[in-house]
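Please go through the structure below with a focus on local packing. A short report accompanies it.

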Amino acid sequence: MAEQADERRFGEHVVVRRHAYVAELVLDRPKAMNAVSTAMARSIAAACEHLAADRDVRVTVLTSTHERAFCVGADLKERNSFTDADLVRQRPVARAAYTGVLELPMPTIAAVHGFALGGGFELALSCDLIVADGTAVVGLPEVSVGVIPGGGGTQLLPRRVGAARAAELIFTARRLQAAEARGLGLIDELVPEGRDREEALGLAARIAANSPVGLRAAKRALRLGHGLDLRSGLEVEDAAWRSVAFSGDRAEGVAAFNEKRSPQWPGE
């Protein structure tokens, strides 16, 4: 993939592209179907650190350059050569990649086609929304190779589909085709084959038309309030509201509404 003025490469296998206020975080290790090696994990974490610090990014879309895969998970060929000490040393590196995506402060969308398995599906689950095309095959098969989902899967999947359904999917290690995954809520939007990236970027552009201050605060309230009792959740919401109520974005939004024009968000 040639370097362009609107993109920046992180290591050999991760690229960040800019589309106005939308950032595209691209997994670009096609020879390994985007299997996450130690080096690639470091690159994902570095790219997320860069994106988190960029106040101009309103939405991030996670995509893949491989025609038949979003990401097939951990690089098991690399892992096969590891000693126990190597595995221990790699663990915080791997965690930083998944946590980096999960903790991005702006709304995030995964554009999934083909295989999204194990850690690959966990990267998608770390996003707020998952758009997938008809070729998508998703699942958390880790117990079939003697481990467990370790990139957030045991915590993120039940938040989407409930504890019992998540247990069934994780315990059986089964793969789901796109239609069943959509029916169970593992993906949010099912689009025609080959259109996952386009549709995800289109959705991102629609979201990015809204207040960047409001978007980040809404995400914070959604994330921090999930799982709390109602009273505690409403306190989280109130704190997020207070963080935007006196912002420039709020003033601009009200003014634009009353003047019947599109807002020009100051982003503060």
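## Basis of the model

This is a predicted model, in which local features need pLDDT of at least 70, side-chain atom pairs count only at pLDDT 80 or more, and totals for chains, interfaces and linings use all residues. Residues are numbered from 1 along each chain as its sequence is written, and side-chain values use heavy atoms, with hydrogens and water left out.

Helices (H or I, at least four residues) and strands (E, at least two) are DSSP runs, numbered from the N terminus.

## Arg29 in its loop

Arg29 sits in the loop that links strand E3 (22–27) to helix H1 (38–52). Is Arg29 buried or exposed? Arg29 counts as buried because its relative accessibility is 17%. The cut-offs are under 20% relative accessible area for buried, over 50% for exposed and in between for partly exposed (1.4 Å probe, protein chains only).

Leaving aside residues up to four places away in sequence, Arg29 touches His13, Asn34, Ala35, Ser37, Met40, Thr65 and Asp75. Contact here means heavy atoms within 4.5 Å.

Strand E6 (residues 108–112) is mostly covered, with 5 of its 5 residues buried. Both faces are covered. Thr108, Ala110 and Val112 lie on one side, and Ile109 and Ala111 on the other.

E6 pairs with strand E4 (residues 59–64) in the parallel sense, over 3 bridges. Leu62 has Ala110 of E6 as its bridge partner. E6 also runs parallel to strand E8 (residues 129–133), joined by 4 bridges. There, Ala111 stands opposite Val131 of E8. Two strands pair if DSSP finds at least two bridges between them.

Two packed helices are described by the angle between their axes and the distance between the axes. Axes are lines fitted to C-alpha atoms, for helices over the stretch in contact; angles run from 0 to 180 degrees between N-to-C directions.

H1 packs on helix H3 (residues 84–102) at an angle of about 40 degrees, with the axes 8 Å apart. H1 is therefore oblique to H3. Angles under 35 degrees count as roughly parallel, over 145 as roughly antiparallel, 65 to 115 as roughly perpendicular and the rest as oblique. The crossing of H1 and H3 is left-handed. That term applies if the near helix is turned anticlockwise from the far one by less than a right angle; clockwise gives right-handed.

From H1, the residues in contact include Ala41, Ile44 and Cys48. From H3, they include Val93, Ala97 and Val101. The contact of H1 with H3 divides into 9 nonpolar, 3 polar and 1 charged residues. Ala, Val, Leu, Ile, Met, Phe, Trp, Tyr, Cys and Pro count as nonpolar, Asp, Glu, Lys and Arg as charged, and the others, Gly among them, as polar.

## H5 against H6

How do helix H5 (residues 153–161) and helix H6 (residues 163–172) pack, and at what angle? Their axes are 7 Å apart, at about 130 degrees. H5 and H6 are therefore oblique to each other. H5 passes H6 in a right-handed crossing.

Leu157, Pro158 and Val161 are among the H5 residues that meet H6. Ala166, Leu169 and Ile170 are among their H6 counterparts. By class, this contact has 7 nonpolar, 2 polar and 1 charged residues.

## H9 against H10

The axes of helix H9 (residues 212–225) and helix H10 (residues 230–245) come within 9 Å and cross at roughly 165 degrees. H9 is therefore roughly antiparallel to H10. Their crossing is right-handed.
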